[in-house]
Amino acid sequence: MPSSKQSKAKIRVLLADDHHIVRAGIRQLLESAQDIHVIAEAGDGEEAQSLIEKHKPDVAVLDIQMPKASGIEVTRWVRSHLPEVGVLILTAYDDEPYVMAVLQAGANGYVLKTAKTEELIQAVHEVFEGKSALDPAVTQKLMSNLFKRTDKTPVEPLTDRELDVLRLAAKGFTNKAIGVQLTISDRTVQGHLAHIFAKLQAASRTEAVMRGVSLGLISQSTGKILEEE
C-alpha cells in the first residue's frame, strides 16, 4: 500500500455482515482502536459492493456467507474494480476450501470470529499496510494439511534467483526491497514472482510461500508476507 495511506489519521473500514448484532459487536471492537473508523456497514454482498464503490474504504471487512453476494464474490469484484481497497475476511469458517477460495479471489487476510480483539485489530492494520493477515489457527491448519498431502507432484524446479526472491518474499520484503537486496529492478522481481507462481501453481504470494515451505524449498519461519503485485 502507498505510504501516503499510512499517514492518514484513521484507517477507514467498511464492515459487511448480514447479522446486525454481529456487525454492532465487531464495530465496537474495531473502534476500540483509536486509529480505526468504521465508515459504513452493509447487510449483504450487493450493499457491500455499492458502499465500497461509494466510500472507497482502506479496508473492507467481509463475512463469507451473505445474501445476494458472498464475501468471495465481493472480494473478486473489489479486485477487479478497486484493487487499492484491502479485503479482510472475518468468518466462523476455517475449512481449507473456504480459505483457498478467498485467497485465490484476492483477499489480503482471513481472520476467524474466535480471534481476540487485538488480533482482529492487528489484522486490519496489516491489511492496511499491504501485508497478508492469516489467523494463526488457519495458518496452522493449512500448513498441516499441506504437509500431510501425499501428492508429491513434481514441480518445475525454481532457479537459484527465483529461490532468492521467494525467500525474501517470505520474509515480508516488498518487490522494491527485494530488488534492492538482489540488485535487480522491482519489475524483474515481479517477473520472477510470476514464474514462481506458475511453477508452484500458486495464485498469490501467500500461497507460493506456503507451497514453497511444504516442498521444503524455503524455511517454515516465513514472517510477514506482503501481497504486493
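Helices α2 (residues 20-30) and α6 (residues 117-128) are roughly perpendicular to each other, a label given to angles of 65 to 115 degrees, with angles under 35 degrees counted as roughly parallel, over 145 as roughly antiparallel and the rest as oblique. Their axes come within 9 Å and cross at roughly 75 degrees; axes are lines fitted to C-alpha atoms, for helices over the stretch in contact, and angles run from 0 to 180 degrees between N-to-C directions. Ile26, Leu29 and Leu30 in α2 meet Thr117, Leu120, Ile121 and Val124 in α6, where contact means heavy atoms within 4.5 Å. Helices (H or I, at least four residues) and strands (E, at least two) are DSSP runs, numbered from the N terminus.

The model is predicted, so local features need pLDDT of at least 70 and side-chain atom pairs count only at pLDDT 80 or more, while totals for chains, interfaces and linings use all residues. Residues are numbered from 1 along each chain as its sequence is written, and side-chain values use heavy atoms, with hydrogens and water left out.

On the α8 side the contact involves Arg161, Glu162, Val165 and Leu166, and on the α10 side Val189, His192, Leu193, His195, Ile196, Lys199 and Leu200.

The strands come next. In β1 (residues 11-16), 5 of the 6 residues are buried, that is, under 20% relative accessible area, with exposed meaning over 50% and partly exposed in between (1.4 Å probe, protein chains only). Strand β1 pairs with β2 (residues 36-42) in the parallel sense over 6 bridges, and two strands count as paired if DSSP finds at least two bridges between them. Ile11 stands opposite Ile36 in β2. From β1 the chain passes through α2 to β2 in a right-handed β-α-β crossover: with the strands pointing away from the viewer, the path from the first strand over the helix to the second runs clockwise. Strand β1 also pairs in the parallel sense with β3 (residues 59-62), over 4 bridges, and there the bridge partner of Leu14 is Ala60.

The largest nonpolar core has 29 residues, and those with the most contacts inside it are Ile52, Leu62, Val74, Ile89 and Tyr110. Such a core is a set of buried Ala, Val, Leu, Ile, Met, Phe, Trp, Tyr and Cys residues joined through side-chain atoms within 4.5 Å. Among the elements that give two or more residues to this core are β1, β2, α3 (45-55), β3 and α4 (71-81), while its largest share, 5 residues, comes from α5. Apart from this core lies another, of 21 residues, including Ile26, Val38, Ile121 and Val127.

Gly216, whose phi is positive, near 75 degrees, follows α11.
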